[in-house]
Structures are given as structure tokens and as C-alpha cells.
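Could you walk me through how this chain is put together, from its sheets to its core? Here is the model, followed by a friendly tour.

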Amino acid sequence: MIIDSHCHAGKGDGLTGPWDTAAPLGKYLHRAEAAQIDRTVLFAAFHSDYAVANREVARIVASNPRRFYGFAFVHALHDRGHVFNLIKTAVQRYGFCGIKVHRYDARITREICAAARAFALPVLYDVMGEVSIIELLATEYPDVNFIIPHLGSFADDWKAQQACIDPLARHANIYTDTSGIRRFDLLEQAVDRAGAHKILFGSDGPWLHPGVELAKVYVLNLSATDRALMLSDNFLRLIAGVKTQPIGLVQRPIGSLHAQRVMADPWVMDQSSA
Ligand SMILES: [Zn+2]
């Protein structure tokens, strides 16, 4: 079985580029079928109201629930104080099985991590090159699984991707996906050092071609077992424990202000503002 663990769907409400405008699945589904991709994980494009965007993704997932999984997109700032309820709706009403957060919106917060913990959901967090956060996520939330897509940078930031491999290899709860990784040697190194059990096949469809992205996994020349881990087993393992009834104490949202501050080391002078 092949599961594409990273694909966008639905309309954005922006008009900047495809990422916040529209993620139509028409061509994607033909391409995925030709590449023998069986199932796809869907989440929204950038949107100013993720309650609306998640509902649209839920409709698409519901149109073919054997073909699609859904992740709830949340905005760490706009949704602060409401993350738990957004996630609860997504899990209980939509049957979603993960959370998507993008640093372009705002940095991930404890509020989001606590909600992920309560429902035992994996969190796909695009760090946009800010790989230092991975160490904190891994150690503060060792019981939450994080997927850091694109090996930490969709923008081919070699330094960031290189630096992402170390925490990927050291922390059991840190994963990455193959989507958009262009420097093949880095992907190969990630597999060698962290292991195939830490890397998920994802395409970043519909904007990237799922067949092209899938080809990268095949040319890694993995054992059949390792290939199966990347193509589906890792993802299935990550969502196997999802709880529709939250576990543990539901924390008051804490630390949500963190997302709007410029994250700086107070002892290091910011050269740009000096
Ligand atoms: Zn994406």
C-alpha cells in the first residue's frame, strides 16, 4: 500500500500564490492513480480561518473516506484559546487524525502540543528552516510525534536540512517526510542516519507531482521492509493511537503569546536591530 502523507486540498482565501489560493485535486488524483498511490492525507491550503478551511477538507475526505485521511490545520495565533475545540471538532466530527501547523502563520505553541497530546495526534509542523525548535518539541513533548516536513525546509535551505538530520536520528518522536526535498544526498543521508522508520513518503500535492516525488523513494533502493515503512507503515503507526475521547487533564492554553513574539535568545544581540 502507498499512502501520500502530505497533500493540500480545498480553497484558500488569499490571492498571493497557489499556496493560499487553491489546491484542486483533479490532476493530482489522476497522477496519484498512475503512480499507484492508494490513499492520501489531506489538509488545507493557507487560510485566514482554519475552522472554515478544515470544514471544506472534511467534506472532501467524507466524499471518499477510504481514499482520504484529514489533518486539522491550526493557526497558533489566530486560533489561540480555541485550539482544543478546533481539534476536538476535527477528530470527533470529521474523523481527522493529525494536526498541521505552519510557522509562516505563527510558531507552534504549547497549546497546540497539549491538544495533540490529549488526542494522541501526530503534528506536522513546517519549521521553515528554524530547526532549533525540534530539540525543544522532542524533549518537552516526548509522547507527541512530530513530522517535520521537507527535512526542515521547503526552500532547499541546505544548512537547515543538514541540521535537521541530527535531531531526526536522536529523538524517537521526530519524523520527516520526503515532500519537496530536492537534494537527494540529504534524503539518502537522513535514511542512513535516522532510519527508514523515521521518514514518511509525502508529495506536497497538488502543487508537486506525486509520481515525481514517489520516484525519489524508489531510487533509494531500500529493502522491501524499509520501503514499506516509508510508503505507508510509518504513517499508519503514527495514527494508530488516535483518541476520540481526550486523555489526561485538558490544560488551560498556556504559552500562546510565545507565537507572536520574535523568538530570540535574550543573551544574543540581534544584529539586524543593532
Ligand atoms: Zn505542504
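In which order do the three strands of the open sheet lie? The order is 1-4-5, with parallel pairing; two strands count as paired if DSSP finds at least two bridges between them. Strand 1 (3–8) and strand 5 (68–70) are the edge strands, each with a single partner, so one side of each has no neighbour in the sheet. From one strand to the next the twist averages 30°.

Before going further, a word on the ground rules. This is a predicted model, in which local features need pLDDT of at least 70 and side-chain atom pairs count only at pLDDT 80 or more, while totals for chains, interfaces and linings use all residues. Residues are numbered from 1 along each chain as its sequence is written.

**The whole protein**

The protein has 10 helices and 11 strands; these are DSSP runs numbered from the N terminus, with helices being H or I of at least four residues and strands being E of at least two. Its radius of gyration is 18 Å, close to the 19 Å that the globule rule gives for 274 residues, so the protein is as compact as a globular protein of that length. That radius is taken over C-alpha atoms, and the globule rule is 2.2 Å times the number of residues to the power 0.38. The C-alpha trace spans about 50 × 40 × 40 Å along its principal axes.

Buried residues account for 45% of the 274 residues. Buried here refers to 20 or more other C-beta atoms within 10 Å of a residue's own, exposed to 12 or fewer, and partly exposed to anything in between, with C-beta atoms placed from the backbone. Among contacts between residues at least 6 apart in sequence, 74% join residues at least 24 apart; a contact requires C-beta atoms, placed from the backbone, to lie within 7 Å.

Strand 1 is mostly covered, with six of its six residues buried. Four bridges join strand 1 to strand 4, and Cys7 stands opposite Leu42 in strand 4. Strand 4 (residues 39–43) in turn runs parallel to strand 5, joined by three bridges, and Thr40 stands opposite Phe68 in strand 5. Helix 3 (residues 50–63) lies across strand 4 and strand 5, at about 155° to strand 5. For such angles, axes are lines fitted to C-alpha atoms, for helices over the stretch in contact, and the values run from 0 to 180 degrees between N-to-C directions.

| Strand pair | Bridges | Example of opposite residues |
|---|---|---|
| Strand 6 and strand 7 | two bridges | Ala72 and Ile99 |

Which residues of strand 7 lie on each side, and are they buried or exposed? In a regular strand the side chains alternate between the two faces of the sheet. In strand 7 (residues 99–102), Ile99 and Val101 lie on one side and Lys100 and His102 on the other, and all are buried.

The largest nonpolar core has 79 residues, and Val74, Ile87, Ile99, Ile112 and Val123 touch the most other members. Helix 5 (residues 110–119) gives the most to this core, with seven residues. A nonpolar core is a set of buried Ala, Val, Leu, Ile, Met, Phe, Trp, Tyr and Cys residues joined through C-beta atoms within 7 Å. Leaving aside neighbours within four places in sequence, Ile87 is in contact with Ala72, Ile99, Ala115 and Phe119.

Ile174 lies in strand 10 (residues 174–177). Why does Ile174 count as buried? Ile174 is buried because 21 other C-beta atoms lie within 10 Å. Not counting residues up to four places away in sequence, Ile174 touches Ile134, Ala138, Phe146, Ile148, Pro167 and Leu168. Leu186 is 12 residues from Ile174 in sequence and 17 Å away in space, C-alpha to C-alpha.

Technical notes:
Contact = placed C-beta atoms within 7 Å.
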